[in-house]
Amino acid sequence: MTAVLNILTDSAWSPYLVGVGIGILSWSTFLFSNHPLGVSTAFANSAGMIEKKLRGPRVAAKPYYRENKPAIDWEWMLVLGLFLGALASAALSETIRWEWVPSMWEASFGSNVVVRSIAAIFGGICVGFGARWGRGCTSGHGISGTLQLVLSSWLAVICFFLGGVGMAFIIYRLL
Amino acid sequence: MDDIKFTKIHNRKYLQYGLGMIFGFAFGFLLQKGRVCYYDVILGQLLLEDFTVLKVMLSAIVTGMIGIYAMKAAGWVKLHKKSGSLGTSLPGPLIFGVGFGILGYCPGTSVGAIAHGSLDALIGGVFGIMVGAGLYAAVYPRLERVLKIGSFGDRTLIDLFRARNPWLVIVPFAALIILGLILIETMGL
């Protein structure tokens with residue numbers, strides 16, 4: 001019993017254990033929900049729903065939202081669950097810490113909240129824009145698509161890391 | 001093709017919402033325990049110093065691949081493949097990657113990072129990503145021509161190698177990934 005509790009309160013599991021767990025989880029979502037793991041569509045749906053609240057029904061007439069109807073769906077519930085699961089994990093290991101600026105960022109660029117926030121928002125906009133353009137993110141392409149050996153997903157994940165590695169080296173090695 | 005397992009369960013809308021949340025819970029729990037929701041760990045990967053992210057992703061891919069293709073062979077599941085083109089699968093993901101390097105979270109891990117208190121993941125991650133998705137919806141009609149360039153559909157690497165038996169691609173591919181992981185470990189990364 002205490003052994004099980006110790007595992008649940010551990011703050012770090014082996015990355016291989018976690019990876020195998022996510023692989024088995026993907027078997028379950030295919031089998032019981034006929035759905036692959038994916039996250040970024042839920043962001044697009046939320047953006048569409050909020051825009052509709054702010055600007056009215058004409059938003060739904062946009063070609064993108066006509067083809068991809070913004071609504072609460074399976075994937076939206078998955079993302080809600082993702083938050084709760086991460087919260088449970090962090091609460092069990094007592095690793096919840098309020099933080100505006102990650103320590104690695106602070107060591108290179110200081111603890112200014114405004115600077116980090118502007119960078120984070122700009123980065124987030126690129127992530128959201130690029131995820132829609134490329135039709136998926138590190139979950140939908142990076143795990144679900146690649147494990148089905150889909151060509152578009154392997155190309156996408158290679159480009160995610162090319163862009164990410166390039167940008168990280170520019171930020172931390174050149175600036 | 002429609003005689004996959006559990007179609008009765010698939011068609012129950014509210015049961016599926018519940019299952020989606022349970023699967024999401026497991027996903028978030030695993031990501032957080034794997035430490036891949038931390039900015040420092042993700043940037044460590046992008047700076048090629050800490051290979052935690054790649055270890056998680058590659059072991060998920062190998063495990064998932066074998067199970068999904070075995071269940072597909074048994075007729076239990078069907079694949080969910082995304083089609084692509086040079087106009088979608090290169091520029092979009094490169095922009096995503098640039099953002100990934102600046103933000104330090106992807107959409108899923110930004111949600112997980114909020115749960116352990118990272119507020120940059122809330123403002124940049126959740127807010128920024130939604131703004132980006134909304135901007136894309138706004139410019140989408142003007143991109144339509146670009147998106148069609150070099151279309152290659154939803155083909156898989158199995159189609160690409162023209163393998164009659166999918167395992168002739170799956171087994172060497174899984175072996176290659178495992179070899180790569182062993183190499184990463186022996187290099188002490």
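Where does A:Glu94 sit in chain A? The place of A:Glu94 is the loop between α5 and α6 (103–109) of chain A, with helices (H or I, at least four residues) and strands (E, at least two) taken as DSSP runs numbered from the N terminus. The model is a predicted one, so local features need pLDDT of at least 70, side-chain atom pairs count only at pLDDT 80 or more, and totals for chains, interfaces and linings use all residues. Residues are numbered from 1 along each chain as its sequence is written, chains are lettered from A and ligands numbered from 1 in the order in which they are written, and side-chain values use heavy atoms, with hydrogens and water left out.

The phi of A:Glu94 is near 50°, a positive value in a residue other than glycine. Most residues other than glycine have a negative phi. At 64% relative accessibility, A:Glu94 counts as exposed; here buried means under 20% relative accessible area, exposed over 50%, and partly exposed in between (1.4 Å probe, protein chains only). A:Arg135 also has a positive phi, near 65°, and lies in the loop between α7 and α8 (140–147) of chain A. With 33% relative accessibility, A:Arg135 counts as partly exposed.

Now for chain B. Its 10 helices and two strands follow the pattern α-α-α-α-β-α-α-α-α-β-α-α along the sequence. The C-alpha trace of chain B spans about 50 × 45 × 40 Å along its principal axes, and 54% of the 189 residues are buried. Among contacts (heavy atoms within 4.5 Å) in chain B between residues at least 6 apart in sequence, 57% join residues at least 24 apart.

Helix α7 of chain B is mostly covered, with nine of its nine residues buried. These buried residues pack against α3 (40–55), α5 (74–92) and α7 (113–133) of chain A, together with α3, α6 (91–103) and α8 of chain B. Axes are lines fitted to C-alpha atoms, for helices over the stretch in contact, and angles run from 0 to 180 degrees between N-to-C directions. On the α7(B) side, B:Pro107, B:Ser110, B:Val111, B:Ala113 and B:Ile114 meet B:Ala121, B:Leu122, B:Gly125, B:Val126 and B:Ile129 of α8(B). Just after α7(B), B:Gly117 takes a positive phi of about 100°.

The two chains also meet elsewhere. The axes of α9 (residues 151–174) of chain A and α4 (residues 52–73) of chain B come within 14 Å and cross at roughly 175°, and the two helices are therefore roughly antiparallel. A:Trp154, A:Val157 and A:Phe161 of α9(A) make the contact with B:Val53, B:Leu54, B:Met57 and B:Ile61 of α4(B). B:Gly34, in the loop between α2 (13–33) and α3 (39–46) of chain B, counts as buried at 2% relative accessibility. Leaving aside residues up to four places away in sequence, B:Gly34 touches A:Trp13, A:Val18 and B:Thr52.

Notes. Angles under 35 degrees count as roughly parallel, over 145 as roughly antiparallel, 65 to 115 as roughly perpendicular and the rest as oblique.
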